[in-house]
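Trainee: Could you walk me through how to read a structure like this, one feature at a time?

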Amino acid sequence: MCIISVIIPAYNAEKTIRETIESVIKQTFSDWELIVVNDGSQDRTVEVVSQIKDPRIKLFSIPHAGVSASRNRGFDNSVGQFIAFLDADDLWKPEKLESQLNALQSHSEAAVAYSWTDYIDESGSFLKQGRRVIFHGDVYPKLLVSNFLENGSNPLIKREAINEVGGFDESRKRAEDWEMYLRLGKKYHFVAVEKPQILYRFSTNSVSSNTLRQEAECLKLIESAFEVTPPSLQYLKKHSLANIYKYLACKTIDSQLTQKKGLAAMRLVLLYALKEPNFTYHLKLIFTLFIKSLGLIFLPPVLYQRLLSAIKSRAPKNRTNFSKKNPDRVKKLDNK
């Protein structure tokens, strides 16, 4: 018996799976089991995992069925009191499990602990800082607006909570983690660990980088979520739609410097502007995204980079200095 079960779904992950597993082995909390579910890989994933000698690591292979099915099979074969999911190309800081476990043990009313995320590229170099939000307690209204946990490698979850709400919806091909967090948020409290402890690897070839498919799945999820949301929270739907288009626009702009991406981003920016209920308040961001989209469409990469530099140089200096001196300081929002 162990305290925490870590579940890694792996499909053709030979390039990153070793580093991902090593980030688990380096955890300051050591009473865990690691279940790697090989999702029908056709590369050297099984061989790489088998070379790592640690009795706490278990390897299961299933026919290719997708990330949700792999996570569910991993959960079915786990024994831990707490469950953590980790994608095969993401990484954890060494104190991640210990910090989240302490948070749950200190807040007995909570069933989910989450941390902050930073983004890395395919080589492991830092790309950008993720969101630094602090939502405690009843976070369901916040989850309706956005998946502030950002990814599936983030939370530590009590086993009984997963048993109560059910595992991942295997019919969903995108946003499956957000959908599960919504079910958890409807019944249980969350607690935040105010540290960046997840390193999410962004790849232009990854499943999550396909914005058209992700848009369709997110819109489907929003519709289904608000069908079962109380009338008092229905006003949040317009905020949720605006947030999705803002997120996808930013993601598209950041992905590749191509005219095609610029056209896709322009469409998403315009939809964001149309859906945003607080248009005036967000006008500066909308205008900035609009200019960046135009740059992608009409400028060669060198000139586009100069445009980005010009936009960055026009940012308020006091805000830049503040962020350098206090990189992790955020406004605390208590949702009890």
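Mentor: Strands β6 and β9 (residues 156–158) pair in the antiparallel sense, over 2 bridges. Keep in mind that this is a predicted model.

Trainee: Which residue of β9 is the bridge partner of Ala-113?

Mentor: Leu-156 of β9 is the bridge partner of Ala-113.

Trainee: How many bridges link β6 and β7, and in which sense do the two strands pair?

Mentor: β6 and β7 (residues 126–129) are joined by 3 bridges, in the antiparallel sense. Asp-118 has Gln-129 of β7 as its bridge partner. The two strands form a hairpin with 5 residues between them, and Gly-124 in that hairpin takes a positive phi near 95°.

Trainee: In which sense do β6 and β10 pair?

Mentor: That pairing is parallel, with 9 bridges between β6 and β10 (residues 189–201). To place it on screen, look for Ala-110, which stands opposite His-189 in β10.

Trainee: How many of the residues of β6 are buried?

Mentor: Burial here means under 20% relative accessible area. In β6 (residues 110–120), 11 of the 11 residues are buried, so the strand is largely enclosed by the rest of the structure.

Trainee: What about β2: which residues lie on each of its faces?

Mentor: On one side are Trp-32, Leu-34, Val-36 and Asn-38, and on the other Glu-33, Ile-35, Val-37 and Asp-39. Both faces are covered, and every one of these residues is buried.

Trainee: In which sense does β1 pair with β2?

Mentor: β1 (residues 4–10) and β2 pair in the parallel sense over 7 bridges. Within that pairing, Ser-5 stands opposite Glu-33.

Trainee: Let's turn to helices. What describes two packed helices?

Mentor: Two packed helices are described by the angle between their axes and by the distance between those axes. Now the case here: the axes of α9 (residues 236–255) and α10 (residues 259–275) come within 8 Å and cross at roughly 160°. The two helices are therefore roughly antiparallel to each other. The crossing of α9 past α10 is left-handed.

Trainee: Which residues of the two helices make the contact?

Mentor: On α9, they include Leu-241, Tyr-245, Leu-248 and Ile-253. On α10, Ala-264, Leu-268, Val-269 and Tyr-272 are among them. By class, the contact of α9 with α10 has 12 nonpolar, 2 polar and 4 charged residues.

Trainee: At what angle do the axes of α10 and α11 cross?

Mentor: They cross at roughly 160°, and the axes of α10 and α11 (residues 283–298) come within 7 Å. That makes α10 roughly antiparallel to α11. α10 passes α11 in a left-handed crossing. The contact includes Leu-263, Met-266, Val-269 and Leu-270 of α10, with Leu-285, Leu-289, Phe-290 and Ile-297 among the residues of α11. The residues of this contact divide into 14 nonpolar, 3 polar and 1 charged.

Trainee: Next, single residues. Is Arg-71 buried or exposed?

Mentor: Arg-71 counts as buried, because its relative accessibility is 1%. This residue lies in helix α3 (residues 67–76). Leaving aside neighbours within four places in sequence, Arg-71 is in contact with residues including Asp-87, Glu-176 and Asp-177, and also Ile-7, Phe-85 and Phe-168.

Trainee: What is phi at Asn-12?

Mentor: Asn-12 has a positive phi of about 50°, although it is not a glycine. Asn-12 sits in the loop between β1 and α1 (17–25), and at 34% relative accessibility it counts as partly exposed. Ala-175 also has a positive phi, near 55°, and is a residue other than glycine. Look for Ala-175 in the loop between α6 (159–165) and α7 (176–187); at 13% relative accessibility, Ala-175 counts as buried.

Trainee: To finish, where is Pro-55?

Mentor: Pro-55 is in the loop between α2 (45–50) and β3 (57–62). With a relative accessible area of 82%, Pro-55 is exposed. Pro-55 and Leu-34 are 21 residues apart in sequence and 9.3 Å apart in space, C-alpha to C-alpha.

Definitions and conventions: Residues numbered from 1 in each chain as written. Predicted model: local features only at pLDDT ≥ 70, side-chain atom pairs only at ≥ 80, totals over all residues. Heavy atoms only, no water. Axes fitted to C-alpha atoms, helices over the stretch in contact; angles between N-to-C directions. Helix = DSSP H or I, 4+ residues; strand = E, 2+ residues; numbered from the N terminus. Parallel < 35°, antiparallel > 145°, perpendicular 65-115°, else oblique. Left-handed = near helix turned anticlockwise from the far one by under 90°. Contact = heavy atoms within 4.5 Å. Nonpolar A, V, L, I, M, F, W, Y, C, P; charged D, E, K, R; others polar. Buried < 20%, exposed > 50% of the residue type's maximum accessible area, 1.4 Å probe, protein only. Pairing = 2+ DSSP bridges.
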